[in-house]
Amino acid sequence: MKPFLSRDNLLLWLKRLLQEYTVIAPVQAWDTVLFQPVKEVEEILLNYDVSALSPKDVFFPTSETLFTFERQGGRWEARPLPEIKKQVLFGLHPCDAHGIALMDVPFLSPPADLHYQRRREATTLVGLACSRARPECFCESVGGGPQDPSHLDVLLIPTPQGYILQVRTARGAALFTGFNVEELEIDNPPPPVTTPVPVAGITEIARDTFNEVFWERLADRCIHCNLCAYVCPCCYCFDIRDYALKGRVERVRSWESCQAAGFTRLAGGYDPRPSKGARLRQRFFHKFLYYPTQFKGQVKCTGCGRCVRACPVNIDIREVASEMQRIGSRVARAA
Amino acid sequence: MKATSEEVKTSVKKLFEDGSIGHFIGYEMGSDSLRVTPCFLKSGQAASRLVWNPLCANNLSKYLLDFGKVEGKVGIMVKGCDSRSVVELLKEHQIDRDKVFIVGVPCSGIVDREKLLAVLGVSPGEVVAVEDDGDAFLVTIKEGTRRVKKEQVLRGECLVCRYPTPVIYDMLIGEAVSSLPWVGDDYSSVKELEALSSEEKERYWSSELSRCIRCYACRQSCPGCYCQQCFVDQLDPHWVGIKIAPQENHQWNTVRAFHLMGRCIECGECQRVCPVKIPLMLLNRHLLREVESKFSFQPGLSPETPPPLATFKPDEDLGI
Amino acid sequence: MLPDSPFLPLPARIQEARDLTPDVKLFRVEIEDPRARENFRHRPGQFAFLSAFGMGESPFTFASYPSPDGVLEFAIRRVGTVSSALHELEPGEAVGIRGPFGNSFPLEEYRGKNIIIIGGGIGLAPLRPVIQAVLSHREEYGELLVIYGARTPADLVFAHEFSSWGEAPRTRVELTVDRGNGDWQGRVALVPTVIKELKPSPENTITITCGPPIMIRFVLAELKALDFAPMQIVTTLESKMKCGLGKCARCNIGEKYVCQDGPVFSFSEISRFLEQG
C-alpha cells in the first residue's frame, strides 16, 4: 500500500498550498516551459517534459542585489536584506533536484553564501518523476534516474490513476499536515529508459585529454553564446558589480559563463586563457575533473540534456564525453 | 534541380584541388539525425563530411570574421539569407571580397526540428533523413517515409523569406529559386503588432522581455553584432550593466534592435537561439519596415549601396 | 542586524594615499571598528578585496607586514575601473574591505635560509611584506638579496625604503631599470640580466619572484641555469577574482582555485597545473 493522490486531490492540495506558500511551478510561457511563481493552480503544467531553463534561479537568481549600501554621514551602511517568504518549488524533475544538490556544495560550504542559503532554507522541494525521457536525457549515466527521489522533500510519481506520493523529509511531511492522503495498492510505473553516455570514470582519465587538439577543433564552432552555462541546472559562475544610484550603491550579483571571451582577462589586458579551445576545455574540465576534485564528489552534470538542446552549433556533451573516454583509453593503451 | 549533398561534396573537393580555396566552412551531420553542425575543412579529402539538407539552419557567415588572417581563400556555403549577411559584412569592410569564395545554395525552406518532431510524433532516433520535396519535406523514418507539408514545420523566418536564392556568389549549386509559394504579405505579423495601442504594446513587450536572461546568445549568433566591446559590457560609461530586470532588459533588446536597424537581413538566428523564445524578429522586422518605407532600402542586397542610416547627404530631405 | 554574508565588506577608511610612481599609489587603509581592526590578522602573500563603493571590488595583495596599529597598506596601480575609482578618493573617505583571503608565504619554512627577492615593477608590492618580515626578525634568516627593477626610475615603487633595507645586516639591494634618465646613476639592465650577472647560489636558498609574466619567464630561465630547483622558486599569481571564497570559479586554473590554494605557489606546484596560466 502506498500513499497516493488522485489528480483531483493533488489539485486540492496545491490550492491549499497556494494559500500559505509562494508556489513556483512549471508554466507555459510563450513557446516554452519556465518555472515561475503561480497565482492559480490551473497555470501549473503537470505533464511537461522539460523546461527551457532549470529552476536554479529560485536559489541563484539570474541577478540579485546582494546589498544596498546607503550613504550616511560619510559612511556606507548596508541595509538589512529583504525577507524571503516560505515557498514551495513544485514539479521539478529529479535531474533538476540533483542540480540543486550539486550547487549546494560550493554555495553552502563554509563560509556559507548567505544569499543562496536563505532562499534554500525557505524552500521545500516537491518533485515530479518523469513519464518520458527526451532523446537528450542521460540522467542514469550520472547516478540519477527518472524516478530518483534523492535531494527532494517530496516526490510525486505520475500514474494513469494519479500520483504515488513519496514523502522524504520532515519538511516535506509538513506540507501535508491536516491533509488526507489515501493509500492505494499500486505498482510504480516502469520508468522511461535513457540512452547511456560514458561518463563513468571520466574524472580519472580527463587529465590525459588535456593537450589534445580535439579541443581547439571543437571550439572552432563555439560562438560563446553562454547558453550552455545558463540553461545548465548546476553551472554557477557569477559576476559581482556595483550600481551607483543617487545616495546609494547596489552591489549586484549575476550569472556569468566561463565561455564568455574575457572571463579570465585581467585589468591591464593579460588573459591566461585567451584561446577558444582552452575556454571550451575549461567548461568540460570543470564539470568532469575540477569540480569533483575540489569537492570530492560526483561530476557536475545531471544528464538533463538542456545544453544539448540549447547549443546553436550542436556541441554535444555526450559526444565530448565519448571522445574523452576514447582518448583516455588510447593513452592508457600506449602507456 | 535542387542541390544535393553529393554535388556539394564534389564541388568543394574540386575547389580545394584547383587551389581556389584553402579552407571551407560548411555543414556536416551533428549528434543525431536531425542535427547539423558547422564544419571547418582544410582539405578536399574532408569534403566527404559535407551535407546540404533542410536541417542546415545556421548562418555560417559570421565565422568569416575568424578567418581574417589565414593563408588562401576561405570558401563558405550560404543560403539566400546567409548571403545577405556576407553582403553586409563586405559593405561594412569586415571581410575582403577577394579572400572569400562564396558557394551559394538556393534554399526552399529549413525545418524547425521541434515542430517536425511534434507533427510526426516520433523521436529523432527514428528519423533517418529529411529531404526537400517541393511543397513538402520527405522524412525517411525507420518504418518508411512520411510527407509533411512545409508550412507546418518550417522555421518562422522561412515563412516570410523573400530571397531564397543567394544574392552574391562565386558558384551556385542547384537551380535558382525566384520565390517561395507560401510567402505572402511578409509583414503581416508586424502590422498586427503595430496596430495595437501604446498600452497594449507596452504590456506585450513587458511580458515578452521579462523572460530575457541576458545570455546574449542573440548577439553572439548575429552576424551584424561584431563589436569588439558591446555597449552592454561597458563599465564606463555604465549603459546597462549586469542587472537582469525589466528596465535593463528593455534597454538591451531595444538598443540592439536599433543598432541593427537597416542592417538586419532576417536570417532569424537570434530568435532560433533564444532559450526563452522572445519574438525578436518582430522587433527587427518592424524596424526593417521603417527603413524600407522611409528610404526604399533593403539591407544585404548590394555591397556597394551605402546604408541609409550611416550616410548623410547635405541635400537630403529629412522631413522635419 | 547586518546580514551575515561573506560578501559584506567591513567599513574602512583611507588614512593616507601617497604617490609612489606616476600610476601607483600607496594606500594606508584603516578598518573602522576597533575590534574588527584588531582581529584582522593577515599574513604576507594574502590579499583582500577593496570596495570603491559605486564602482565595485577588486582584489589587492597586502603590501605590508601586519603592524601594531592595524593599518593595512596596499600599492595600487591605476589600470581598471575600480583602481581608478580608488585613485580618485581622498584621505578620510570610506571604502570597504573583505579578507584576508588566500594562502601565504610559509615564512617558518624559510628560517635559517637565504632569501632572494626578485621583483619587477609593481610586483615588488606583494614581496614587501616578506622583506619587512625578514628585516624585523633579522637573526632568524640567512642572507637577504633584493633584486628589483622597473621600466624607468620613476616606476620604482617604495624607492624611499631601499636605503634603509640595504643598511640592515647581511642585506643587499640591487636595483636596475630598463631605461635610465638623466639623473639615474645606477644599473640599466633587465632584471633577468642582473641575476645572470650576480650568479646567486642555490645553496640553502629560497627565491620569491613577482612581476610581469614576461619577466617571470626569463627569471625562471636564469634561475634554472644556476641550478635552482622549481620548489626553491616561489611566486604569487595574479588572477581575475570576484568572490575570494572558492565559489564563483573565476580564478579556477587547472585544478586549483587561486583564491584558496594560492595566490602563493612554488614553481614545482605550478608545473603540475594542467593549465599554465
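In chain B, the centres of domain 1 and domain 2, taken over C-alpha atoms, are separated by 25 Å. The structure is a predicted model, in which local features need pLDDT of at least 70 and side-chain atom pairs count only at pLDDT 80 or more, whereas totals for chains, interfaces and linings use all residues. Residues are numbered from 1 along each chain as its sequence is written, and chains are lettered from A and ligands numbered from 1 in the order in which they are written.

The two domains of chain B span residues 5-172 (domain 1) and 188-310 (domain 2), the bounds coming from an automatic or database domain assignment. Domain 1 of chain B contributes 19 residues to the contact and domain 2 of chain B contributes 18; two residues are in contact if their C-beta atoms, placed from the backbone, lie within 7 Å. The side of domain 1 of chain B that touches domain 2 of chain B comprises seven nonpolar, five polar and seven charged residues. In this classification Ala, Val, Leu, Ile, Met, Phe, Trp, Tyr, Cys and Pro count as nonpolar, Asp, Glu, Lys and Arg as charged, and the others, Gly among them, as polar.

Chain C is likewise assigned a domain 1 (10-101) and a domain 2 (107-236). The C-alpha centres of these domains of chain C are 24 Å apart. Contact between them involves 13 residues of domain 1 of chain C and 15 residues of domain 2 of chain C. On the side of domain 1 of chain C that touches domain 2 of chain C, eight residues are nonpolar, four are polar and one is charged.

Chain B gives 27 residues and chain A gives 31 residues to their contact. On the chain B side, the elements that supply two or more residues are β2 (36-41) and α7 (217-221) of chain B; helices (H or I, at least four residues) and strands (E, at least two) are DSSP runs, numbered from the N terminus. The side of chain B that touches chain A holds 13 nonpolar, nine polar and five charged residues. The contact of chain C with chain A takes 34 residues from chain C and 38 residues from chain A. Here β4 (56-61), β6 (94-101) and β12 (252-253) of chain C are the elements that give two or more residues to the chain C side. This side of chain C divides into 18 nonpolar, eight polar and eight charged residues.

Within chain C, strand β8 is mostly covered, with seven of its seven residues buried; a residue is buried if 20 or more other C-beta atoms lie within 10 Å of its own, exposed if 12 or fewer, and partly exposed in between, with C-beta atoms placed from the backbone. In a regular strand the side chains alternate between the two faces of the sheet. In β8(C), Leu144(C), Val146(C), Tyr148(C) and Ala150(C) point one way, and Leu145(C), Ile147(C) and Gly149(C) the other.

Strands β7(C) and β8(C) run parallel and are joined by six bridges, pairing being assigned if DSSP finds at least two bridges between two strands. Ile118(C) has Ile147(C) as its bridge partner in β8(C).

Glu174(C) lies in strand β9 of chain C and counts as buried because 21 other C-beta atoms lie within 10 Å. Apart from residues up to four places away in sequence, Glu174(C) touches Leu145(C), Val146(C), Ile147(C), Val194(C) and Leu198(C).

In helix α6 (residues 191-198) of chain C, the residues Val191(C), Pro192(C) and Ile195(C) are buried. These residues lie on the same side of α6(C) because they cover an arc of only 105° around the axis, the arc being that of the directions from the helix axis to the C-beta atoms. The elements covering the buried residues of α6(C) include β7 (114-120), β8 (144-150), β9 (171-177) and α7 (213-225) of chain C. Just after α6(C), Lys199(C) adopts a positive phi of about 45°.
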